[in-house]
Amino acid sequence: MAIVATIGCASLSACKNPVETRREPSSDAKARGFAAIQRAGCGSCHEIPGLDWPAGRLGPSLRGFDDVGLIAGALPNRPDILAAFIRNAPEVKPGSAMPPMPVSQQEAEDIAAYLYGIDHD
């Protein structure tokens, strides 16, 4: 629940300068994140660069994710919030259409690393 309180306070400064906040995750974390994306089936709902199939369209495209100011249109785009959202979107953003995902905390962090690094390669 602490993450929810943090989100409420952090949303006041949610707009970000993409250049100043660009993240450069490690290659290992990105590789683990891509493997977790494949295992969890994230491509069933999202278009994800680097993932040829499936290419879902139910959820938003994740292309250019690092430049997005808000996660799900409401949450500050920070690694800790993204990992929490990946694991249990309805808890972090009530009413979210994204279901809780069957990933561990480490896998969620690695998925976040992949998403932050996909357009930098």
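**Close-up views of a predicted model**

The lining of the largest pocket consists, by class, of 21 nonpolar, 7 polar and 1 charged residues. Ala, Val, Leu, Ile, Met, Phe, Trp, Tyr, Cys and Pro count as nonpolar, Asp, Glu, Lys and Arg as charged, and the others, Gly among them, as polar. The model is predicted, and local features need pLDDT of at least 70, side-chain atom pairs count only at pLDDT 80 or more, while totals for chains, interfaces and linings use all residues. Residues are numbered from 1 along each chain as its sequence is written, and side-chain values use heavy atoms, with hydrogens and water left out.

**View 1. The whole protein.** The protein has 4 helices and 2 strands, in the order α-α-β-β-α-α along the sequence. Helices (H or I, at least four residues) and strands (E, at least two) are DSSP runs, numbered from the N terminus. Of its 121 residues, 41% count as buried. Buried means under 20% relative accessible area, exposed over 50%, and partly exposed in between (1.4 Å probe, protein chains only).

**View 2. The largest pocket.** About 580 Å³ of space lies in this pocket. Among the 29 residues that line the pocket, H46, P60, L62, F85 and M98 are the closest to its centre. Two or more lining residues come from each of β1 (70-71), α3 and α4, and α3 gives the most, with 3 residues. On a 1 Å grid over the protein atoms alone, a pocket is an open set of points where a 1.4 Å probe fits, with protein on both sides within 12 Å along at least five of seven lines; lining residues have an atom within 4 Å of a point. Grid points are joined across faces, edges and corners, and the volume is the space filled by probe spheres set on the points.

**View 3. The largest nonpolar core.** L82 and L115 touch the most other members of this core of 28 residues. At least two core residues come from each of α2, α3 and α4, and α3 gives the most, with 8 residues. A nonpolar core is a set of buried Ala, Val, Leu, Ile, Met, Phe, Trp, Tyr and Cys residues joined through side-chain atoms within 4.5 Å.

View 4. F34 lies in helix α2 (residues 27-40) and Y114 in helix α4 (residues 105-117), so the pair ties together parts that are 80 residues apart in sequence. Y114 is buried, at 11% relative accessible area.

**View 5. A29 and I111.** A29 lies in helix α2 and counts as buried, at 10% relative accessibility. A29 and I111 are 8.0 Å apart in space, C-alpha to C-alpha, and 82 residues apart in sequence.

**View 6. Two loop residues.** A72, in the loop between β1 and β2, has a phi near 55 degrees, a positive value in a residue other than glycine. At 37% relative accessibility, A72 is partly exposed. N77 sits in the loop between β2 (75-76) and α3 (79-92) and is buried, at 2% relative accessibility.
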